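Here are my notes on the salt bridges and one surface patch. Have a look at the model first, then read on.

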Amino acid sequence: LLFNGEVTIQRNGEELGRGRDGSMIGEMSFIRGGAATATVQATHPCRYVNWPKDELSSLLRRNPSMDIAMKHVFSLDLTRKLVGPDETTGN
């Protein structure tokens, strides 16, 4: 979770997008499994929260309601990344 700052998301040297305050990073590889398919690089100083994949998976298996809530957060974040913030919020 990018708490604050800004990052670029790149694949093969091409910028795919940017992440800013509140963005989830690495959710695609977490959801799908396997290695990350993009590289994230800070463009400004950042603060973030990092959960090791195995520990987060274990926590979510033990807490079904937290698992549902986290999947909801991932869904909202991915939708915002795909369609843009204005279309997902109606603003």
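How does Arg 18 count by relative accessibility: buried, partly exposed or exposed? Arg 18 comes out as partly exposed, at 38%. The cut-offs are under 20% relative accessible area for buried, over 50% for exposed and partly exposed in between, with a 1.4 Å probe and protein chains only.

1. Housekeeping. This is a predicted model, where local features need pLDDT of at least 70 and side-chain atom pairs count only at pLDDT 80 or more, while totals for chains, interfaces and linings use all residues. Residues are numbered from 1 along each chain as its sequence is written, and side-chain values use heavy atoms, with hydrogens and water left out.

2. The overall tally. Searching the whole structure turns up seven salt bridges; the criterion is a side-chain nitrogen of Lys or Arg within 4 Å of a carboxyl oxygen of Asp or Glu. As background, side chains of opposite charge can pair when their charged atoms come close.

3. A link between strands. Glu 6 and Arg 18 form a salt bridge, at 2.9 Å from N to O. Glu 6 sits in strand S2 (residues 6-11) and Arg 18 in strand S3 (residues 14-20), so this pair ties together parts 12 residues apart in sequence. Helices (H or I, at least four residues) and strands (E, at least two) are DSSP runs, numbered from the N terminus. Glu 6 counts as buried, with 12% relative accessibility.

4. Arg 18 again. Its side chain also meets that of Glu 15 in a salt bridge, at 3.1 Å from N to O. Glu 15 is partly exposed, at 39% relative accessibility.

5. A pair within a helix. Asp 67 and Lys 71 make a salt bridge at 3.1 Å, N to O. They are four residues apart in helix H3 (residues 64-83), which means about one helical turn separates them. Asp 67 counts as buried at 19%, whereas Lys 71 is partly exposed at 48%.

6. The nonpolar patch. Leu 1, Val 49 and Trp 51 make a nonpolar surface patch of about 230 Å². Patch residues have over 30% relative accessible area and no salt bridge, with like charges joined within 9 Å and nonpolar side chains (Val, Leu, Ile, Met, Phe, Trp, Tyr) within 5 Å. Leu 1 belongs to the segment before strand S1 (2-4).

Definitions and conventions
Areas by Shrake-Rupley, 256 points an atom, 1.4 Å probe, with all protein chains shown as cover.
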